[in-house]
Structures are given as C-alpha cells and as structure tokens.
Amino acid sequence: MDVYNLTSVTQFILIGLSDLPEVRYPLFVVFFIIYQITLLGNGAILLAIVTERKLQTAMYYLLANLSLLDIFCPSATVPKMLKNLLTEDHSISFVGCALQLYFLVALAGTEVFLLAVMAYDRYVAICFPLRYSLIMTRVRCVQLLLGTWSAGFLNSLLHTVSTFSLSFCKSNRVNQYYCDIPPVVALSCSSTYLAEMLVLVVGGIFGVGAFLITLISYIYIVSTILKIQSVEGKCKAFSTCASHLLVVFLFYGTTIFTYIRPSSSQHSPARDRLISMLYGVITPMLNPIIYSLRNTEVKGALRKVLYLRICSQKE
C-alpha cells in the first residue's frame, strides 16, 4: 500500500445499532433500567457484606469482589452506549477507545480468574470442611484476590498495547457498540498476526487454565457430594455451591454465545449485535439476584439492611 494513502485515525465510530433506528428509544429505556438494577443489586450485596459481621468470611469477600466487577464491567460500556442511543454522535476518541478496551478486557479477565478462585473456595469448603478456616485464611484470601486482579489487568495491558500498536487506515467504523479486540483489530491495515496470536495463545492459556481449575474443582465437589450418605447432607452440601455454579454457567454460556458462536445467516449483523448487547448487560444484573435468592445468609443480611434503612427514614 502506498504510504501516502495511509491516514491516521484519531477517532472511531461505534456502529452499535445505528442501522436499527426504530428501536433506539425503547432500547435506551430497557438498558437504562437494567443498568440501574445492576448497580442497585450489586451495591446491596456489597453493603450487606460490609455491614453484616456474619458475612465477613472468605466466601463473601470473593462474592464482594464479584459484585464490584459486575458494577465496573457494564460501567465501562453501558453509559457510552446509552449516550449513543440518544444522540447521533457515535464517535469515541482513539485514547477513549483504547481505555475502554483496556478496562473491559481487564475486568472480564479478572472475572474469569475470580470464578476459578471461587470454585477453589467451594472445593475446599466441601471437600475439606474441617480445614477450611485454616486453608482459606484472610491472608490467603487477600493473596488470591491480588493475584486475580493483577493477572486480569496485566493480561489486558498486553492485549491493549498489541492492538493499538497496529496501523489503522481501512476504516474507523467499529462493528460493535463498544471497543473490543476483534472488531478493532479488523480495522487494521498492517499485519495483525501478533495481536491475533496473543489473543489465541495468552488468552487461551489463561482462559483455558481458569476454566480447567473451575471444572476440576467441581468434579471433586460432585464426587464428594455423591459420597455423602444422607439426602439432607447432599442437599446442604450442594446448596453451598449452587449459586456459584449458576453464575459460572451464566458467565461461560454468554461468553461462548457472544464470541464463539457463528454469525447468524438468517438475521442482520445489527440483530446479532443486539443479542450480544442483551447478553452483555443481563449477566451482571442476574448475579446478585441469583445469590440473594439462593443464599439464606445473604437474604437475611439484605432484609436487615433494608429494615435498618426503613427505620432510619422513619426517624
């Protein structure tokens, strides 16, 4: 390509649902409500864990971090998406796109690692109940959390640098409602081999590694539960990990649907993006609902927080 034909991209255009203008305003209302429920639900979980002494254990420290991620992750994309649905300006600066991609990949990666740590926590609780407090100490919990967040953000830094080191001259129209690695890399006019290999190799090693930890933990958990003689004992053991298992299925199911499924040949790309948008914002909203419905201790703490809030308002 002639060097004189290269143009420097200073901003990107997020296509989002610009080719489905008839659903813009209804979608704004839907996503705004979902976002508010997400913030409220995860904020309530955090408040319950912070204020209720009974919930200040390793399991709930990990849950608090999951709630933080479920607040931060949609906050990296939803406010910009809501603005784009209301206005005709779908642009995002080059730096803004890089920052959005960095935080989105970092937070999503951190959640993958955190789910693996939570699976290990449930493995210790069910397979070694008498040694649980000795293994999952506060220091061990802090170490695991620091490793989880560090791995997620360092992994994202690697991908962000490799992605935005590319030359962009084909187009600046990102085929998504946020900046993500595949649609941004697709705009490059230079070799994308290194960036794509980093996603496959580094992302594959971390992603598959975290998934295997989760899978192996649950194989041991199921094996241990099946050895319990009484039905009541089996139900009690299963109830301690049921919420996390539902969250794992939800997270990996939506990830596979968004990134691995083939594009639909029957629907337009805009409808595929709409489905991805729905899956991307619904998961963080459902996580606190799953934990509050399935976990009696969380339900009790939330009732207590709500009661104290009502009493303080009456005074």
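Tutor: A search of the whole structure finds two disulfides. This is a predicted model, in which local features need pLDDT of at least 70 and side-chain atom pairs count only at pLDDT 80 or more, while totals for chains, interfaces and linings use all residues. Residues are numbered from 1 along each chain as its sequence is written, and side-chain values use heavy atoms, with hydrogens and water left out.

Student: What makes Cys 97 and Cys 179 a disulfide?

Tutor: The term asks for a pair of cysteine sulfur atoms within 2.5 Å. The S to S distance of Cys 97 and Cys 179 is 2.0 Å, so the pair meets the definition.

Student: Why is the disulfide of Cys 97 and Cys 179 called left-handed?

Tutor: Because the torsion about its S-S bond is about -120°.

Student: Which parts does the pair Cys 97 and Cys 179 tie together?

Tutor: Cys 97 lies in helix α4 (residues 94-127), and Cys 179 in the loop between β3 (173-174) and α7 (181-185), so the parts tied together are 82 residues apart in sequence. Helices (H or I, at least four residues) and strands (E, at least two) are DSSP runs, numbered from the N terminus.

Student: And what about Cys 169 and Cys 189?

Tutor: They are joined by a disulfide too, with S to S 1.9 Å. Cys 169 sits in the loop between α6 (138-164) and β3, and Cys 189 in the loop between α7 and α8 (193-227), so this pair ties together parts 20 residues apart in sequence. With the bonded cysteines numbered in sequence order, the pairing reads 1-3, 2-4.

Student: How do you know whether Cys 169 is buried or exposed?

Tutor: Buried means under 20% relative accessible area, exposed over 50%, and partly exposed in between (1.4 Å probe, protein chains only). Cys 169 has 15% relative accessibility, so it counts as buried. Cys 97 and Cys 179 are both buried.

Student: Where does that leave Cys 235 and Cys 241?

Tutor: Cys 235 is partly exposed, because its relative accessible area is 48%. Cys 241 is in no disulfide, and the nearest cysteine sulfur, that of Cys 127, is 9.5 Å away. At 1% relative accessibility, Cys 241 counts as buried.

Student: Why is α4 described as largely enclosed by the rest of the structure?

Tutor: Because 27 of its 34 residues are buried. From first C-alpha to last, α4 reaches 49 Å, close to the 50 Å expected at 1.5 Å a residue; that expected span is 1.5 Å times one less than the number of residues.

Student: What makes Leu 46 count as buried?

Tutor: Its relative accessibility is 18%, so Leu 46 counts as buried. Leu 46 is found in helix α1 (residues 24-51). Leaving aside residues up to four places away in sequence, Leu 46 touches Ala 64, Ser 67, Leu 68 and Ile 71, where contact means heavy atoms within 4.5 Å.

Student: How many helices and strands does the protein have, and what share of its residues is buried?

Tutor: The protein has 11 helices and three strands, and 44% of its 315 residues count as buried. Among contacts with a separation of 6 or more, residues 24 or more positions apart account for 78%.
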